[in-house]
Amino acid sequence: MASRQQQSIEKMQVRQNYRNLWHTDLMSTIQADTPYCCLALWCAPCVSYLLRKRALYNDMSRYTCCAGYLPCSGRCGESRCPEFCLCTEVFLCFGNSVASTRFLLQDEFNIQTTKCDNCIIGFMFCLSQVACIFSIVAMIVGSEEISEASQILSCLADLVYCTVCACMQTQHKIEMDKRDGVFGPQPMSVPPAQHMSRIDQGVPPSVGYPPQPGYGQPYGYPPPQAQGYPPAGYPPAGYPR
């Protein structure tokens with residue numbers, strides 16, 4: 001158990017070293033695709049189903065419950081009826097379904113989450129925890145004031161949760177639009193099937209976007225200047241400057 005937790009921590013550290021960025025951050029998703037953001041708000045499970053299927057290149061033979069990130073993954077009969085299992089996942093474990101699709105895209109395309117996005121997601125979780133604590137305290141104490149405060153906090157936490165999930169799913173949709181060539185001249189080729197268990201993978205497989213100048217930041221650094229030679233464009237010795 002401790003070894004598995006250590007592997008999960010190491011995997012999270014690997015994600016921090018990803019160098020590409022989301023095409024649109026969470027703050028800009030409403031402006032980037034307002035109709036889809038509204039759809040993701042009112043029909044969240046249906047959108048989650050469609051996005052996961054699209055993330056798998058519409059090949060449901062690749063499907064694994066929660067994209068292989070949870071202990072139950074691969075043990076739910078996905079191979080026999082992947083569509084039904086995905087339906088069950090998005091309705092019964094909606095939060096996990098959104099997060100799994102996000103991790104799937106991040107690991108495939110080496111996408112990091114910005115500090116602003118992390119703050120928004122962290123605020124959502126913290127607000128949910130505070131609302132839960134207030135509800136427990138209200139039940140124990142029996143105070144009407146605390147009970148009203150817990151109800152207000154619960155409503156606020158639900159509102160933030162639904163809004164952030166809608167923006168997150170819109171962010172995923174825009175990223176896959178980019179992958180499929182909506183923002184570029186050529187769609188990305190379908191990568192070969194891969195095992196989805198990220199716990200067993202120290203480094204994500206090199207599939208997805210081929211190297212191209214228009215995507216994210218380039219990997220590595222430019223070659224160092226050869227010693228003993230002036231840089232390009234520098235006038236030769238003795239030439240008047």
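What percentage of the 241 residues in the protein chain is buried? Buried residues make up 38% of them. Keep in mind as you look around that this is a predicted model.

**Stop 1: the whole chain.** Colour by secondary structure and you will find 8 helices and 2 strands. Followed from the N terminus, the elements come in the order α-β-α-α-α-α-α-β-α-α. Among the contacts with a separation of 6 or more, 74% join residues 24 or more positions apart.

**Stop 2: helix α6.** Select residues 94-109. At 1.5 Å a residue, these 16 residues should span 22 Å, and the end C-alpha atoms are 23 Å apart, which agrees. The helix is mostly covered, with 12 of its 16 residues buried. The buried residues include F94, V98, L104, L105 and F109, along with R102, D107 and E108. Step just past α6 to N110, where phi is positive, at about 55 degrees.

**Stop 3: where α3 meets α8.** Now select residues 34-42 for α3 and residues 144-179 for α8. The two helices pack at an angle of about 130 degrees, with their axes 8 Å apart. That angle makes α3 oblique to α8. Their crossing is right-handed.

How values were computed:
Residues are numbered from 1 along each chain as its sequence is written. This is a predicted model: local features need pLDDT of at least 70, side-chain atom pairs count only at pLDDT 80 or more; totals for chains, interfaces and linings use all residues. Side-chain values use heavy atoms; hydrogens and water are left out. Axes are lines fitted to C-alpha atoms, for helices over the stretch in contact, and angles run from 0 to 180 degrees between N-to-C directions. Helices (H or I, at least four residues) and strands (E, at least two) are DSSP runs, numbered from the N terminus. Angles under 35 degrees count as roughly parallel, over 145 as roughly antiparallel, 65 to 115 as roughly perpendicular and the rest as oblique. A crossing is left-handed if the near helix is turned anticlockwise from the far one by less than a right angle, and right-handed if clockwise. The expected span of a helix is 1.5 Å times one less than its number of residues. Buried means under 20% relative accessible area, exposed over 50%, partly exposed in between (1.4 Å probe, protein chains only). Contact means heavy atoms within 4.5 Å.
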